[in-house]
Amino acid sequence: MKFSELDLKPEILKALTNMGYQDLTPIQEKTFSPILSGRDLLARAETGSGKTAACGIPLVQMIDPSLNAIQVLILVPTRELALQYVEEIDNIAKHTGVAPFAIFGGFSMEIQKAKLRDRVHLLVATPGRLIDFLYNTTAVDLSSVRTLVLDEADEMLKMGFIEDIDFIMSSMIHKHQTLFFAATMPNEIDRLISVYLKEPIRVELNKEQLSPQSLVHHFQYTDRHDRLNALIQYLKREKISQALIFCNSRHHGEKLTKELERKFKSIGYIHGGLEQWKRTSIFERFRQKKIDLMVATDLAGRGLDFSHVSHVINYDYPFGQESYTHRTGRTGRMGRSGIAMTFVTDQELGVLKSMLKMNRIDPVWHGNIPNLQAVHKQYGRRDGKKFFKKRSRPVSRVESPQLTGMIPTPLS
Ligand code: ADP
Ligand code: MG
């Protein structure tokens with residue numbers, strides 16, 4: 001179906017044409033009418049399938065630009081995602097008079113406050129910064145919000161975020177529509193969905209297939225001591241336009257970056273401990289293809305749209321079953337081809353076996369193939385994360401004694 005067949009404001013259609021969007025993606029087709037109808041919605045579709053615009057186009061259509069109030073609130077887990085999200089909405093809303101804005105940590109609240117007091121119709125926010133505003137200022141008024149969106153909804157309902165979400169929702173007691181978008185929906189959050197969504201319409205595409213079909217899943221079984229060498233050899237022999245290389249901790253990322261800098265020229269390292277201006281600048285340089293290899297913690301694991309990334313490499317095996325899907329989903333987006341390469345050691349064979357089964361992945365092995373038939377036991381979730389459990393603010397995510405030192409870094 002084409003956007004021109006929808007009853008869109010001509011200003012939106014003009015913007016979409018300029019953006020090169022002609023046909024709706026499947027998730028956009030399925031969610032457009034439910035969103036306009038005002039119903040609650042749960043929308044699940046694989047990474048890179050166009051969920052931002054699926055949400056953004058009908059919401060921009062619904063906003064009344066003559067009413068100077070926040071009418072749509074979109075919550076996202078990371079600062080970078082807030083920026084990317086608002087850029088897409090900015091493009092969609094360019095000719096409409098609708099004013100989108102994003103607030104997130106690491107930037108001056110004073111500047112953000114001035115903009116909020118002036119004119120914002122659609123607000124994209126990370127929960128932490130929004131709560132700062134709600135606690136400490138009167139600059140954010142949510143009383144006119146008609147639609148609340150949780151992007152990466154499953155992440156937002158996990159420990160570390162859920163209290164923030166509860167707090168934000170408690171500031172919005174008036175009637176409104178709630179939309180959840182996600183690529184993964186673990187069963188654990190079913191109960192929470194029924195708490196937050198009222199008789200939702202459920203749109204779940206490709207339930208059987210969590211990753212895009214254009215993504216090929218490669219694995220290499222290696223000894224922990226040989227892994228660095230295996231990675232270097234892999235990077236040398238592969239035709240890589242750009243690669244994201246994931247580590248599970250800041251410390252490990254730093255070590256790896258130093259090692260790679262000896263062999264390769266164009267390396268960046270992104271993690272949550274960097275000052276915001278550095279984070280933004282590295283992301284921008286990576287986007288502009290000025291960096292070939294970017295080492296990253298899970299900060300870069302969710303939602304970010306890096307269209308040039310040819311390879312996603314799990315140097316450290318990801319924590320949690322969904323994390324594999326999100327990390328690797330940074331490539332192979334919108335039908336482009338992409339390669340995921342994951343290094344696996346003996347320790348991870350149990351979780352690997354169940355991950356392959358759950359995601360219905362047909363692995364391509366490099367070198368020795370481990371005997372997965374012989375691996376029986378799965379040792380539970382290795383990320384130490386639990387749903388539902390409440391923690392007091394301030395939040396720094398997830399500590400589990402036996403995993404200390406192996407914890408993924410905070411997302412925002
Ligand atoms: P998701 O949130 O599902 O992972 P995104 O919303 O980040 O996916 O979109 C992935 C890419 O697809 C983006 O680069 C976006 O600009 C592009 N895109 C979205 N909708 C369309 C469309 N209808 N036609 C062409 N490109 C699109
Ligand atoms: Mg997204």
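What follows is a set of questions and answers on a predicted model.

Trainee: Into which domains is the chain divided, and how far apart do the C-alpha centres of domain 1 and domain 2 lie?

Mentor: The division gives domain 1 as 3-204 and domain 2 as 215-374. Between the C-alpha centres of domain 1 and domain 2 the distance is 29 Å.

Trainee: How many residues of domain 1 and of domain 2 are in contact with each other?

Mentor: Contact here is taken as C-beta atoms, placed from the backbone, within 7 Å. On that basis, domain 1 contributes 18 residues and domain 2 contributes 15.

Trainee: Which helix supplies the largest share of the side of domain 1 that touches domain 2?

Mentor: On that side, α4 (79-93) and α7 (153-156) each supply at least two residues. By class, its residues are six nonpolar, six polar and six charged. The largest share is four residues, and the helix it comes from is α4.

Trainee: How many residues surround ligand 1, and which are the closest?

Mentor: The shell around ligand 1 divides into four nonpolar, eight polar and four charged residues. In total, 16 residues surround ligand 1, the closest being Tyr21, Gly50, Lys51, Thr52 and Asp305.

Trainee: From which domains does the shell around ligand 1 draw at least three residues, and which helix gives the largest share?

Mentor: Both domain 1 (3-204) and domain 2 (215-374) provide at least three residues of this shell. The largest share is three residues, and these come from helix α3, residues 51-62.

Definitions and conventions: Residues numbered from 1 in each chain as written. Chains lettered and ligands numbered in written order. Predicted model: local features only at pLDDT ≥ 70, side-chain atom pairs only at ≥ 80, totals over all residues. Domains from an automatic or database assignment. Contact = placed C-beta atoms within 7 Å. Nonpolar A, V, L, I, M, F, W, Y, C, P; charged D, E, K, R; others polar. Near = placed C-beta within 6 Å.
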